[in-house]
Amino acid sequence: MTVDDTGSGADGDGRVDPEPAPDSADPGEDPLALRLEGLILGAERRYTPFQAARSAGVSMELASRFWRAMGFADIGQAKALTEADVLALRRLAGLVEAGLLSEAMAVQVARSTGQTTARLAEWQIDSFLEGLTEPPEPGMTRTEVTYPIVELLLPELQEFLVYVWRRQLAASAGRVIQAGDDEEMVDRRLAVGFADLVGFTRLTRRMEEEELGELVEAFETTSADLVAARGGRLVKTLGDEVLYAADDAGTAAEIALLLVETMANDETMPELRVGIAFGTVTTRMGDVFGTTVNLASRLTSIAPKDAVLVDTAFAEELIRTRDAPASEAAAAEEAAAAEKEGEEPPVYRFALQPMWQRPVRGLGVVEPWLLTRRESGGGES
């Protein structure tokens, strides 16, 4: 391009030519991709991985571990890293040197951050930026539209990301403080629920890809909103399945029944089944593990359509917290005794019906309970 006396990069028709690619660019790389990279990273390519590690004052081995943990491919000794990469390495290494994090924990921080933001970035590009960068006028190319749109959105999205992260960090820190002791911070007693769309595999063979994507997005969005609104925590989504956790059985039960009811009222959605278990859960990198999680998954696989199955520990917890009666006979006795004393009978939110015991792969014999709503008058809804 020709630069005029004012330093403008505009040609005769007023359009701005792309800036020249950095000297370190591969001749086969797209110039727009390189410009976008520079805009988003806020820095130019300056370092090979070895140079970046040396500049950050860390070993090449540790730098490689951090880089891979963040989810990035090995790049050999290409000059592809920026001042921001050096600063990130220096910060992580500094946390280790100061004794605030062990080396293993620093790698976990890199991995958890990389995994979370990778999914976010993919979603924003696939579902957000693609739509915004459709050429608004005939004759315009996507190249001419993408750069200015990203330039406008970037600072706003960055601020919003930091805000949401701080909010989530505050909520998570609050849960840890309330845990009571150090053991509960890692191994906690939680209610864990799986919600699974019935017949999803058959749907994938009948529906167009776009329709299927819309169905999955609607299911995940609805589930996420219901879980959050009722005080649960969405652990992860797996297309046709969501995994959530709650600190108490009553909250988990309410979420499960709301999910079933909401999907049943939507004609576009398949039937739903939910399995919930209560017990000790190991939390790690935002995920949950352990026998309780496995049991909830197994209960989901044997649950009837549009129904919720729970394990014995979950049923006992609902009974203990007075969210469900031990039995309908016990509820009737309590109501009769209250009436005799001129008092209000106890009001239970849920009802539990024991099902046939059955062997569950890897977990032995379990006794599932069918969870339903219970009307204040005493009968099941």
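Q: Buried means under 20% relative accessible area, exposed over 50%, and partly exposed in between (1.4 Å probe, protein chains only); which of these is arginine 374?
A: This is a predicted model, in which local features need pLDDT of at least 70, side-chain atom pairs count only at pLDDT 80 or more, and totals for chains, interfaces and linings use all residues. Residues are numbered from 1 along each chain as its sequence is written, and side-chain values use heavy atoms, with hydrogens and water left out. Arginine 374 is found in the segment after strand S10 (369-373); strands (E, at least two residues) and helices (H or I, at least four) are DSSP runs numbered from the N terminus. With a relative accessible area of 10%, arginine 374 is buried.

Q: Is arginine 54 buried or exposed?
A: Arginine 54 is found in helix H2 (residues 49-56). Its relative accessible area is 58%, so arginine 54 is exposed.

Q: How far apart in space are arginine 54 and valine 86, C-alpha to C-alpha?
A: In sequence, arginine 54 and valine 86 are 32 residues apart. In space, C-alpha to C-alpha, the distance between them is 8.9 Å.

Q: Which residue just after H1 takes a positive phi?
A: Helix H1 covers residues 31-41, and its buried residues include Leu32 and Arg35. Just after H1, a positive phi of about 70 degrees is taken by glycine 42.

Q: How many aromatic pairs are there?
A: Rings of Phe, Tyr and Trp (its six-membered ring) pair if their centres lie within 6.5 Å; planes under 30 degrees apart are stacked, over 60 edge-to-face, and the rest tilted. By this rule the number of aromatic pairs is two.

Q: At what angle are the ring planes of tryptophan 67 and phenylalanine 72?
A: The ring centres of tryptophan 67 and phenylalanine 72 are 4.7 Å apart. Phenylalanine 72 has a relative accessible area of 41%, so it is partly exposed. The pair with tryptophan 67 is tilted because the planes are at 40 degrees.

Q: How far apart are the ring centres of phenylalanine 160 and tyrosine 163?
A: Both residues lie in helix H6 (residues 142-178), three residues apart, about one turn of the helix. Phenylalanine 160 is exposed at 52%, and tyrosine 163 is partly exposed at 47%. Their planes are at 40 degrees, so the pair is tilted, and the ring centres are apart by 6.0 Å.

Q: How many salt bridges does the structure hold?
A: A salt bridge is a side-chain nitrogen of Lys or Arg within 4 Å of a carboxyl oxygen of Asp or Glu. The structure's total of such salt bridges is twelve.

Q: How many residues apart in sequence are the parts tied together by arginine 273 and aspartate 196?
A: The side chains of arginine 273 and aspartate 196 meet in a salt bridge (3.1 Å, N to O). Arginine 273 lies in strand S4 (residues 272-284) and aspartate 196 in strand S1 (residues 187-197), so the sequence separation of the parts tied together is 77 residues.

Q: Which strand holds aspartate 287?
A: Lysine 236 forms a salt bridge with aspartate 287, with the closest N and O atoms 3.1 Å apart. The pair ties together parts that are 51 residues apart in sequence, because lysine 236 lies in strand S2 (residues 233-237) and aspartate 287 in strand S5.

Q: Is aspartate 323 buried or exposed?
A: Aspartate 323 forms a salt bridge with arginine 349, the closest N and O atoms being 3.1 Å apart. Arginine 349 is partly exposed, with a relative accessible area of 39%. Aspartate 323 has 14% relative accessibility, so it counts as buried.
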